[in-house]
Amino acid sequence: MSDVISTEGLGMPVEVGAIDGELKKLWEADEASTNASLMNFLVYTEDPKQLIKNSETIQKLTRANSCRAVLIAMDREAKKSSLQAWITAHCHLAHGKKSICAEQISFLLSGYSMGRLRNTVFAHLNSDLPLVFWWQGDFSDLFEERLYRLLDRLIFDSASWRDPKASFRRLVEAREETKGEIVTQDLSWTRSYFYRLAVARLFDDPKAQKSFPKLEEVKIKAHPDHRMAALLLLSWVITRSGWKVESGQGDEWTASSEEGNPITINLEWDEDAAPLAELLMSAPGCKVRISREKENLHLCQSVCVDGHCVDLSGPADSDDPEGLVASQLSRGGKNSLYLHVLPRFRELLEMGG
Amino acid sequence: MSRNLAEACSVVIFGATGDLTHRKLIPALYNLAGDGELPAGVQILGFARRDWSDEFFREGLEKQNRKVSRTGHDDEIWECLAASIHYHQSEFQDEDGYRRLAERLDEIDRERGEKGNRLFYIASAPEFFDDILLNLKKAGLSQDRPDGEGCWSRVIVEKPFGTTLATAQHLNEVVNGTFQEKDTYRIDHYLGKETAQNIMVLRFANAIFEPMWNKEHIDHIQITCAEHLGMEGGRGGYYDKAGALRDMVQNHLLQLLSLVAMEPPTDLTADGVRDEKVKVIRSLRQWDTPELVAENVIRGQYLAGNINGEEVPGYCAEDRVNPESETEAYVALRCMVDTWRWSGVPFYVRMGKRLPKKATEISIHFKETPSVLFNAMPGGVPAGNVLVIRIQPDEGISLRMNSKLPGTTLRMEPVKMDFHYASSFGTSSPEAYERLLLDAMAGDATLFARRDEVEEAWRFIDNIENVWHESDNSPPMAEFPAGSWGPREADELLAKDGRTWRRL
């Protein structure tokens, strides 16, 4: 790393010790704008080149999510230790009239130091507002107890992890240490939200519901970069169905239903497909299929029972992380279903899925 | 709250060459002059040991005022004020220096046609307090002048007001042997802050709060005083002898606690308010055994860390701090006020150096809603209501409540209603010292500590200090990295009650 990175677009450079004063001046200078904030939204990356992109993401997110945004990029490789800061505000017209703005503080931390990330976070929060922390990339050693104990909501994308097993272990430890206080939101899980809704919707059909205990086969086709989303969706199906995974190798598993029926499970990868391209669930005389073409904004859903087919359409999850984050923020909640699915998911992951 | 009219007087500042005079007292007098609040005829006389001239003294004050004055520096206002600033050189122990001071004050009064009101401000190092007070008495300066018509002599004493109960009692004896209690003003600049004064207004001028201000509705109260500074500027020498408990908790934080916890006073006179405050301090449950201290008080020192991206040393490696120091730079206490109103409601108080940000705040944490409706849902409601009174730096009040997220499903998130003094009223609040100096000139001691308040506070503090320093099994010193929110032990202090420190 340690290349010179562009900071244009991050706003005004400021002394770190003068941030509060400079933000105050920023607001005092513009009486036509209203500073709104419902949360502290912190985005952390260990890739400094992401800093500008993250600022652009905040610009979009703040249209519907007023916040104090704190962007932190750490260049761990840098030999010299330094801390640079910038401030800016993202403004949007509300109802075509009033300008509603969200403030953003950006930091570039150079050189590795254990407590600096944590202390930078501690020092720049808006008090009494929830702290939503978007950790980009694997959980490094900087993901430490003093830091995560403070979080209300932790957003991450397990699709971006180079070592998912290690990061999931770290996540579970963090939840245990905080006695489950942190709400965790995995964007890979969010990617399957409308798939899960569609499955529930299709099996609401009384005939399909009758076939559910007789399911024999589950197939998921996904983009190879979204292995986690596919596995999470599969884990959800298994958990909600009460199935038991008997054996597995590579991307194939054998499970048994509560009635003892065998089910074959298969994951397929396609470089040209949407993140989650297809979910197929088959029972004798019943076939449920949910699919999405690449970049299409809708899911095609069909259920065929005893030769009668119904085709439906529904929204699909966003492809880009900011869209997924926005939908997570709009839903709130404790995300307890994800936690319920997580043990089974980790089991599949450890089995080599 | 209205007050008597401030009267013209000569303000004599002992320790006039020090930081407090330059950074706080003179800028406060300057701002009062600029706002038209300073009574005409006020004369300022700096008393110190250094051999300075009037002119040299004024130049130094002007230079500093340009840097720190709340309202900026206006040459015209300064010229007017500077004409009334004088310097008097003397050792604090030199009786002759006080005799000369008396002559000079008389001369100033004659020249100006003033009747001879005197306000003595003792801002020197504490070891000189006794000498100054005794010499004032010997020079006849501490008594109302027999020939003056209704003129007065008052004394303002800066902290530390003693270092133990015994030394505070001794100092009180000396002060009361020199000045009458009604003329004694023990300054606690926190009480001069706008929001501290607003605590009473918030509680007693708003019908919605007072009915809920008790054990039935309040779960607990937190008082936090966080400093990001360490021992810069040589302050380690003083601090290492005092520690967080003596330096901040004994005075400022217990004063804030008493304002939050007191019963409504019968009236707004100085003694009406102070009678109620002292009852609170007297009702503090005493932590006087090693077991009770271990259970309710955490002390700590910071280790090396970083603040604002800068590496900072650990407490014991700070300038003028004993490398083997056993002085706390952080303290967290669980206080219990044993009154009918507060029975069973803990007051968690914490103060620390080298914490992530500078802030002094009081937060009132209300009880959760009953376990029906929303609270009966999985996960309950996100958080209880919290009323926050920000004392500094951004004075104001906020209230946290829960709100439904827009959408078709029922999801809740906390939101905050926020009131900032600076932006709401458009003018900056007066500095605490402005208000307090004016009150002393007006003879209003409401915002100053009374003898019994000081001594009761020391009684509470002494019990803890004695366990720390004189007990064989004193609780250990906790540690935390500089820039973090204090030691884990302090988190555990609340965790064992099922609570957490509020995130600032």
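The model is predicted, so to speak: local features need pLDDT of at least 70, side-chain atom pairs count only at pLDDT 80 or more, and totals for chains, interfaces and linings use all residues. Residues are numbered from 1 along each chain as its sequence is written, while chains are lettered from A and ligands numbered from 1 in the order in which they are written.

**Where the chains meet**

- Chain A puts 25 residues into the contact and chain B puts in 26 (two residues are in contact if their C-beta atoms, placed from the backbone, lie within 7 Å).
- On the chain A side, α3 (116-123) and α10 (321-331) are the elements giving two or more residues; helices here are DSSP runs of H or I with at least four residues, strands are runs of E with at least two, and both are numbered from the N terminus.
- The largest share of that side, five residues, comes from α3(A).

**Two domains in chain A**

- Chain A splits into domain 1 (12-186) and domain 2 (190-350), with bounds from an automatic or database domain assignment.
- Taken over C-alpha atoms, the centres of these two domains of chain A are 32 Å apart.
- Domain 1 of chain A brings 17 residues to the contact, and domain 2 of chain A brings 18.
- The elements with two or more residues on the domain 1 side are α2 (50-61), α5 (164-177) and β9 (183-186) of chain A, and β9(A) has the largest share, four residues.

**Nonpolar cores**

- A nonpolar core is a set of buried Ala, Val, Leu, Ile, Met, Phe, Trp, Tyr and Cys residues joined through C-beta atoms within 7 Å, where buried means that 20 or more other C-beta atoms lie within 10 Å of a residue's own, with C-beta atoms placed from the backbone.
- The largest one has 188 residues, and A:Leu42, B:Tyr121, B:Val249 and B:Leu257 have the most contacts inside it.
- α9(B) gives the most to this core, eleven residues.
- Leaving aside neighbours within four places in sequence, B:Val249 has contacts that include B:Leu254, B:Val331 and B:Ile461.

**A helix pair in chain B**

- Helix α9 (residues 244-261) and helix α10 (residues 270-282) of chain B pack at about 110°, their axes 8 Å apart; axes are lines fitted to C-alpha atoms over the stretch in contact, and angles run from 0 to 180 degrees between N-to-C directions.
- That angle makes α9(B) roughly perpendicular to α10(B), a label for 65 to 115 degrees.
- Among the residues making this contact are B:Leu254 and B:Leu257 of α9(B) and B:Val280 of α10(B).

Technical notes:
Angles under 35 degrees count as roughly parallel, over 145 as roughly antiparallel, 65 to 115 as roughly perpendicular and the rest as oblique. A residue is buried if 20 or more other C-beta atoms lie within 10 Å of its own, exposed if 12 or fewer, and partly exposed in between; C-beta atoms are placed from the backbone.
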